[in-house]
Amino acid sequence: MGDPVRRVYNAALEQPKTYGRPKGTDPHYRDCRFSAFRQMKEIHLRELKQDEELAWIADAPAKILNVGLRDLEKAFQNFFDGRAGYPSFRCVGLNDSFTLPVFTAGKSQRKGWLMNVVFGKDCVRLPKIGRVRYKKHKKHRGQAKTLTVARRAGQWTISVACEIEIA
């Protein structure tokens, strides 16, 4: 699952170099920014399932692609603020991971927040992947916000980031 995220991240990193223009130089007054929101919109507007070369990307949950694009936007923000170097391309086999939000907004106003990731006693259900067995080492304290699946030292691990209220 990390491969579609890596491919989308690298393609989004290449876009400003290839298509970017300095601010105000577009004679047709088009938006030339490459924000995460705009790139997410472009991914969802493209019919990935219809394109033979990109159909495999549509098999990945859309949320993990969105998080990858937000990571790139955060990397650019850190670069422009002087906290980090220029973002680099993601390599195969290094930092193989993807992150999912645990809750997603409902389609209508009445539904509220929906569970995107469902935790069981010995398994977790991920969208478009299904049930994955895991060994729970610690009890989740607080409200789970994001779940990261990563490959480290040849094994897959699941990390859950929780929000804990401090009195």
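This is a predicted model: local features need pLDDT of at least 70, side-chain atom pairs count only at pLDDT 80 or more; totals for chains, interfaces and linings use all residues.
## The order of helices and strands

Residues are numbered from 1 along each chain as its sequence is written, and side-chain values use heavy atoms, with hydrogens and water left out.

Of the 167 residues in the protein, 29% are buried. Here, buried means under 20% relative accessible area, exposed means over 50%, and partly exposed is in between (1.4 Å probe, protein chains only).

Now for who touches whom. A contact means heavy atoms within 4.5 Å. Take the contacts between residues at least 6 apart in sequence: 49% of them join residues at least 24 apart.

## A look at helix α3

Helix α3 covers residues 62-80, which makes 19 residues. From first C-alpha to last it reaches 27 Å, close to the 27 Å expected at 1.5 Å a residue. The expected span is 1.5 Å times one less than the number of residues.

The buried residues of α3 are I64, L65, N66, V67, G68, L69, L72, A75 and F76. After the helix comes G82, with a positive phi near 80°.

## T99 and its neighbours

T99 is in strand β1, residues 97-101. Leaving out residues up to four places away in sequence, T99 touches K63, I64, V67, T146, L147 and T148.

With T148, there is also a polar contact of 3.2 Å between the two side chains. A polar contact is a pair of N or O atoms within 3.5 Å; within protein, one must be able to donate a hydrogen and the other to accept it, and residues adjacent in sequence count only if both atoms are side-chain atoms.

## Salt bridges

Side chains of opposite charge can pair when their charged atoms come close. A salt bridge is a side-chain nitrogen of Lys or Arg within 4 Å of a carboxyl oxygen of Asp or Glu, and the whole structure has five of them. One joins R7 and D3, with the closest N and O atoms 4.0 Å apart. Both residues lie in helix α1 (residues 2-19), four residues apart, or about one turn of the helix. R7 is partly exposed at 43% relative accessible area, and D3 is partly exposed at 30%.

Another salt bridge brings R90 and D71 together at 3.6 Å, N to O. This pair links distant parts of the chain: R90 is in the loop between α3 and β1, D71 is in helix α3, and they are 19 residues apart. R90 counts as partly exposed at 25% relative accessibility, and so does D71 at 33%. Then there are K145 and E163, whose side chains meet at 3.4 Å, N to O.

## Rings meeting rings

A pair of aromatic rings is described by the distance of the centres and the angle of the planes. Rings of Phe, Tyr and Trp (its six-membered ring) pair if their centres lie within 6.5 Å; planes under 30 degrees apart count as stacked, over 60 as edge-to-face and the rest as tilted. The structure holds four aromatic pairs. In one of them, F76 and Y86 sit edge-to-face, 5.4 Å centre to centre with 80° between the planes. F76 is in helix α3 and Y86 in the loop between α3 and β1, 10 residues apart. F76 is buried at 14% relative accessible area, while Y86 is partly exposed at 38%.

Y86 also pairs edge-to-face with F79, at 5.2 Å centre to centre and 85° between the planes. F76, F79, F80 and Y86 form one aromatic cluster.

## A charge over a ring

R90 turns up again here: its charged end sits over the ring of Y9, 4.0 Å from the ring's centre. To count, NZ of Lys or CZ of Arg must be within 6 Å of the ring centre and within 35 degrees of the ring normal.

Note on methods. Helices (H or I, at least four residues) and strands (E, at least two) are DSSP runs, numbered from the N terminus.
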